[in-house]
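Keep the sequence and the 3D view open as you read.

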Amino acid sequence: MGNNQNKTRRGFFSQFLSADKEEKVKMLTPDGKLVEIDKKIFEAAAKKKLTSNKELYDWMQNPSKENK
Amino acid sequence: MKAEEINDPGRRDFIKNAAIATIATAACGSLACSCSSQQAAKTGEKVRLLSPEGEIVEIDSAYLNYQEHMAIVSKLEARQGMAGKKFVMVVDLGRCKNARKCISACQKWHYRPPETEWLTVKLMKDSDKAAPYWFPKQCFHCDNPPCVKVCPVDATYKRQDGLVLIDNERCIGCKFCMAACPYSTRVFNWDEPQQPLDIMNLKSNPETNLPAKVGTVEKCDFCPDRAREGLLPPCVEACPNGVFYFGDEKEDTVSNGDETLSFTQLIKDRAAYRFQEELGTKPRVYYLPPRDRQFPVERGYDNLPENIKARFEGILDEGKKK
């Protein structure tokens, strides 16, 4: 009984209560700031497509680009 | 055994508490959802963010959570400077008695060793017959800065708020800027900087140049990190005689901590000048001529360490002989 806590009532309820915690994802803004967003929002917007080097270069707002 | 029974809640109590908590959480959750959906509706602005997996995702700006510890000034912000500001400094030479409080405050704020002076106090003498006077000098943050023009790697730059800063992550230590600066206000980090461990472990900040790096050039930065918070630089605050006025030319106000004055009125009334104006560098530091001096120049020797006193010996002795 003790080892198999998920099958007890207490285990079931505690699992249910802890499920409400929001998971966060750290992301980077084009000007180099770290931000956190809700994982659900990220997953809804993500297209699971890896960014190419060219796209990454165009995305970033790097001051050194202005001189080129 | 009895004590255990009292402390251990029964199943019935536990289920009851869990049920109450569930209802409360569900109610709060629905409230939070409605709030966040309202927030999202308010800003239609999309921000393109890079995920740790290397994917660029468009997210509504309402969902971004800028953490306090993450709110470090980005390189772009550091390069651009503060919009709508034009920082300026006025130095009242009639009030300076070489107390050197400005220097020690600067060194403490920037974690610099005593031998590195971003701000120095010189003993100036305009002619043989004129009396010498104390002259604080730091980077003038020129509007036409020769140092910026000669930097081969774009490490030193001029911002829209008037500050000239150095990105010590880009600096290659060529010292071209030191040679180009006609005021010799830049210093070179020859040795490995001895800074506290918590500073050495900081993420590099492009505005404060902390942590310092060996083999790079440094200078006075007008403390932009303090200016962002609306605070005066430590040299201004530490001066016991109110020598330094710091402020914003666009707001037309300068303050030395005790009094706040109109910048244009002050430089007009007191016939302010800029050091070596003829060079065309357009410095952002103005000097009020040393009239009506509050202290005799000899007071600048009070409690001065021997090694620093040696810097000025020639000038004062020469004056005494004549």
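Predicted model: local features only at pLDDT ≥ 70, side-chain atom pairs only at ≥ 80, totals over all residues.

Residues are numbered from 1 along each chain as its sequence is written, while chains are lettered from A and ligands numbered from 1 in the order in which they are written.

**Chain A**
- Chain A has three helices and two strands. Helices (H or I, at least four residues) and strands (E, at least two) are DSSP runs, numbered from the N terminus.
- Starting at the N terminus, the order in chain A is α-β-β-α-α.
- Of the 68 residues in chain A, 12% are buried. A residue is buried if 20 or more other C-beta atoms lie within 10 Å of its own, exposed if 12 or fewer, and partly exposed in between; C-beta atoms are placed from the backbone.

**Nonpolar cores**
- A nonpolar core is a set of buried Ala, Val, Leu, Ile, Met, Phe, Trp, Tyr and Cys residues joined through C-beta atoms within 7 Å.
- The largest core holds 49 residues; M89(B), V90(B), V91(B), C102(B), C235(B) and F244(B) touch the most other members.
- Elements of chain B that each supply at least two residues of this core include β3 (87-92), α4, β5 and β7.
- β3(B) gives the largest share of this core, five residues.
- Another core, of 11 residues, lies apart from it; among its members are V25(A), V35(A), V57(B) and I59(B).

**Helix α4 of chain B**
- Helix α4 spans residues 101-109 of chain B, and its buried residues are C102(B), I103(B) and C106(B).
- These residues sit on the same side of α4(B), because they cover an arc of only 100° around the axis. The arc is that of the directions from the helix axis to the C-beta atoms.
- An α-helix has 3.6 residues a turn, so residues three or four places apart point the same way.
- The buried residues of α4(B) pack against β4 (120-124), β5 (133-137), α9 (234-238) and β10 (244-248) of chain B.
- Just after α4(B), Y111(B) has a positive phi of about 55°.

**L165 of chain B**
- L165(B) belongs to strand β7 (residues 164-166) of chain B.
- L165(B) counts as buried because it has 24 C-beta neighbours inside 10 Å.
- L165(B) and T208(B) are 43 residues apart in sequence, yet 9.0 Å apart in space, C-alpha to C-alpha.
- Leaving aside neighbours within four places in sequence, L165(B) is in contact (C-beta atoms, placed from the backbone, within 7 Å) with Y157(B), R159(B), E207(B) and D221(B).

Technical notes. Contact = placed C-beta atoms within 7 Å.
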